[in-house]
Amino acid sequence: MDRLQKLESNGIYILREAYKSFGSLCMLWSIGKDSTVLLHLARKAFFGHVPFPLVHIDTSFKIPEMISYRDKMVKEWHLDMIVGQNKEAIREKETYPDGKLNRIQCCMKLKSEALRHTISGDWPRLRFDHKQSKYIEEKDAKPFSGVIVGVRADEEGTRSKERVFSPRNTEGNWNIVGQPPELWNYYNTDFAPGTHVRIHPILEWTELDIWEYIEREKIPVVSLYFDNGCGKRYRSLGCAPCTSPIISSAKNVSEIVKELSSGSLKGIAERTGREQDKEDGGTLETLRKDGYM
Amino acid sequence: MKKDMKNNKQRLSIVMVGHVDHGKSTILGRLLSEAGALPKGKLEQIKEYCRTNAREFEYAYLLDALKEEQAQGITIDSARIFFKLEDKEFICIDAPGHVEFIKNMVTGASRADAAFIVIDAKEGIKENSRRHGYLLSFLGVKQVVVLINKMDIIDYSEEQYRNIAENFDSFLSGLGIKPLEYIPVSGRNGDNLVSLSDMTPWYSGPSVKEAFLAFSNYSTRLEYPFRLPVQDVYKFTRLGDNRRIIAGTVETGTLKKGDHVKVFPSGAESTVANIETLYPPGPDEVSAGIATGITLTDSIYVKRGELLAKEEDPPSVAYSFRVSLFWLAPQPLIKEKKYILRLNASREAVYLTDIISVVDSSELSTESNRDYIGQYDISECILSTVKPVAFDLYSSNPYTGRFVIIDQYEISGGGVILETIGSSHIDKHVDMRESAWRKNQISPICRGQRFSQKPQVILFTGKNLEELDRYAKELGKRLFNKGWNSYYLAMDNLLRGIDYDILSSDREEHLLRLGELLRLLYDTGLVVLTVIVDADIYEIELLKKISQPAKLMIIDTDSNLPANMSDFKLERNADISVLDGLLRKKSIIEEYNI
């Protein structure tokens with residue numbers, strides 16, 4: 001069994017454990033490459049079905065192509081899609097692009113806060129209705145106690161300390177020092193009432209693993225990852241005002257793999273195009289303590 | 001072909017363990033630096049940091065600093081460090097040395113392909129050196145290299161090196177660990193890390209880097225018989241899908257399409273119809289390590305927790321077993337308390353029934369006559385489950401012979417199964433209860449005769465509680481109206497009564513209490529009616545055992561039980577009078593006047 005097969009099998013195993021263990025489970029889909037790999041793993045784990053809703057937090061500053069790709073896949077794969085948003089902040093222009101907040105504050109408002117309220121169900125959220133083929137506001141939005149997240153240990157410091165099943169208490173706090181043990185393939189799937197759990201099926205994947213897997217499985221990804229002729233491409237996707245493309249002429253997945261493993265990107269951090277990381281000293285610690293994924 | 005070669009590249013998982021301050025971070029920091037596995041400029045940056053902060057540079061800072069700042073494509077952290085040596089990929093877990101972090105250490109080590117144990121040459125073998133050795137053997141880490149560090153402090157004394165190596169070797173051999181190497185090193189000076197040092201001319205190798213490169217990820221999983229713990233059974237009916245897929249990861253061995261498989265503990269059998277995948281057709285074969293799903297040719301009763309195997313190589317099935325167990329939680333493991341056992345995919349109620357011995361994991365001194373198992377103790381003890389579980393003895397298949405115990409919502413201990421034990425916890429309890437039972441002067445049979453009946457328990461099971469409730473009530477009333485003495489023990493009355501102190505989800509406890517009540521009610525000579533929603537075969541067996549000497553009559557409405565488990569299959573919306581014949585035939589009621 002090769003490395004990718006091992007990573008895949010482990011990811012599927014974790015997804016199945018999560019599905020069995022949580023009454024109310026959802027999976028975050030940021031439309032980026034990592035969570036898209038996660039979605040593919042879910043389709044494999046459940047043989048073409050994704051038996052829990054996907055959640056996307058739309059900051060309204062996403063690159064339009066990401067949204068159209070999202071909705072295309074939702075229809076094609078019959079996904080149960082929930083979209084949440086901090087409508088009030090957007091309406092009041094409490095954002096970085098509108099000049100009222102710095103980047104970190106903006107992330108907290110439009111992503112962390114929106115995510116928290118979308119998951120708890122106390123803000124209105126949209127759900128895709130396949131019959132009407134459009135998003136409609138969800139009635140009686142229920143809270144999710146388990147959230148599947150596509151974070152990787154190699155992304156940055158705090159993420160490398162994560163457990164696969166990572167409990168947060170009722171206040172959302174993460175006790176880094178006292179994390180429960182995980183033995184062999186036994187993960188902690190029992191939690192006291194009120195515990196909120198994040199599940200990380202691709203924790204031990206690297207950026208290169210992700211691209212090699214996308215190549216092997218032929219997973220469709222947003223074309224923003226490729227150079228469409230102007231010598232630039234996105235390495236990491238976020239909001240348009242805070243994510244900039246890198247100089248690269250990789251036009252397809254295999255060229256990205258080459259670029260990462262032996263080419264110009266070898267040894268260069270992935271999130272170099274993300275401005276909010278720089279304001280956070282590169283660690284995302286401020287954001288992650290407050291619920292950022 | 002070339003692509004396959006590339007994807008075939010493995011990533012070895014290595015754990016570094018050892019007592020606190022014995023130098024793990026220094027060795028790793030310096031090794032990565034000297035082997036060129038660090039990002040450019042990192043070393044200079046840390047040196048600069050030390051200069052401006054009035055600190056003497058140490059290689060450990062390199063690792064610690066990298067924990068904070070991870071901007072360069074490799075990530076280094078106390079939990080997981082990704083790096084390459086000569087194009088071979090590693091993920092290294094730098095396990096904390098403090099005893100408080102044992103649970104982090106076992107988390108990392110339980111999935112490691114190989115381990116380094118670091119020992120301070122001057123301090124010698126310490127508490128955690130032994131404990132970590134013990135845990136590695138326990139966790140099944142086969143490849144171990146011992147690094148005797150800080151050789152510079154003892155003037156590179158070959159004698160002292162040999163002394164420690166010999167002592168530790170005899171300790172480890174007692175645990176069944178044969179280290180591949182004992183390497184004398186100095187993390188601070190870099191001796192024998194990347195190349196052999198002139199300071200130890202008496203040592204001929206390998207270096208630590210060579211030891212890294214020599215580790216293999218050889219797995220024995222394929223060599224054991226086929227085992228697939230059933231993780232779930234899926235039936236997604238959306239989009240016209242009508243497959244009933246048994247999902248799980250093949251733990252050991254290989255399975256082919258068309259193979260005959262048997263489910264344990266239930267014993268049901270069928271043949272593999274198809275190996276399912278996202279895009280059909282699936283492969284003809286799956287082997288160990290692969291997360292898969294299969295469909296069977298017969299719709300047999302299979303559920304999560306069971307173990308799929310082939311008939312010619314069956315696993316063990318038991319209620320009670322002797323184990324070697326390591327306890328991690330601060331609260332002790334005690335007798336007569338209910339815990340949850342997770343064994344392969346099953347999770348069952350489990351009790352500690354006997355402690356044979358307790359070993360202090362740091363000293364390896366054995367104590368018997370202990371009545372609890374404390375934090376970091378290793379114990380040989382007997383565990384008993386309420387329902388039977390399927391597994392292999394650790395000696396015959398380590399991958400399906402290990403388990404964890406859940407207490408207070410957390411993995412609190414882990415262990416391996418050494419031997420199965422004959423009778424179960426429940427058997428013993430029933431034997432003891434019956435031998436001490438104080439009989440009434442009037443026997444249950446005698447009491448029953450007053451009403452021309454035999455004392456009997458009639459149990460309805462099926463998917464729908466309301467339906468079961470209605471059947472049991474109707475039959476109870478019908479019997480009573482005809483002059484027999486019957487009583488309906490409703491599930492709700494138990495849950496709000498005798499079961500008030502347990503969770504409604506605690507089925508085992510509910511069944512145990514129900515069984516005791518049924519035994520008592522049987523003694524009164526009654527015909528007792530009761531219901532259990534969706535009972536499985538093990539629950540029926542359990543209830544039969546615990547309610548002895550009462551004999552249970554099982555009326556199946558629309559349950560998943562195999563046909564031979566029930567005495568009568570009641571059709572949907574059936575008239576309850578169809579049961580009269582059965583009761584008469586079994587001489588439960590004596591006259592034919594219904």
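Start with the second largest pocket: select D190(A), I340(B), R347(B), S505(B) and E508(B), which lie nearest its centre among the 47 residues that line it. A pocket here is an open set of points on a 1 Å grid over the protein atoms alone, where a 1.4 Å probe fits, with protein on both sides within 12 Å along at least five of seven lines; lining residues have an atom within 4 Å of a point. Before you zoom in, note that this is a predicted model, where local features need pLDDT of at least 70 and side-chain atom pairs count only at pLDDT 80 or more, while totals for chains, interfaces and linings use all residues. Residues are numbered from 1 along each chain as its sequence is written, chains are lettered from A in the order in which they are written, and side-chain values use heavy atoms, with hydrogens and water left out.

Now colour the lining by element. Which element gives the most to it? That's β19(B), with 4 residues. Others that supply at least two residues include α1 of chain A and α13 (507–523) of chain B; helices (H or I, at least four residues) and strands (E, at least two) are DSSP runs, numbered from the N terminus. By class, the lining has 16 nonpolar, 11 polar and 20 charged residues.

Next, show the interface. You'll find 63 residues of chain A in contact (heavy atoms within 4.5 Å) with 70 residues of chain B. Pick out F47(A), W184(A) and Y186(A): this trio supplies 17% of the area that chain A buries against chain B, more than any other three residues. Buried area is the accessible area (1.4 Å probe) that two parts lose on being put together, summed over both. The total between the two chains is about 5,800 Å², with 51% from carbon and sulfur atoms.

Stay here and select E17(A) and R342(B). They form a salt bridge (a side-chain nitrogen of Lys or Arg within 4 Å of a carboxyl oxygen of Asp or Glu), and their closest N and O atoms are 3.3 Å apart. The count between chain A and chain B is 6 salt bridges.

Go to F264(B) and P265(B), joined by a cis peptide bond with omega about 5 degrees; P265(B) is in the loop between β11 (260–264) and β12 (269–275) of chain B. Then hop to P280(B) and P281(B), where the peptide bond is also cis, with omega near 0 degrees. P281(B) sits in the loop between β12 and β13 (285–287) of chain B.

Methods:
Nonpolar A, V, L, I, M, F, W, Y, C, P; charged D, E, K, R; others polar.
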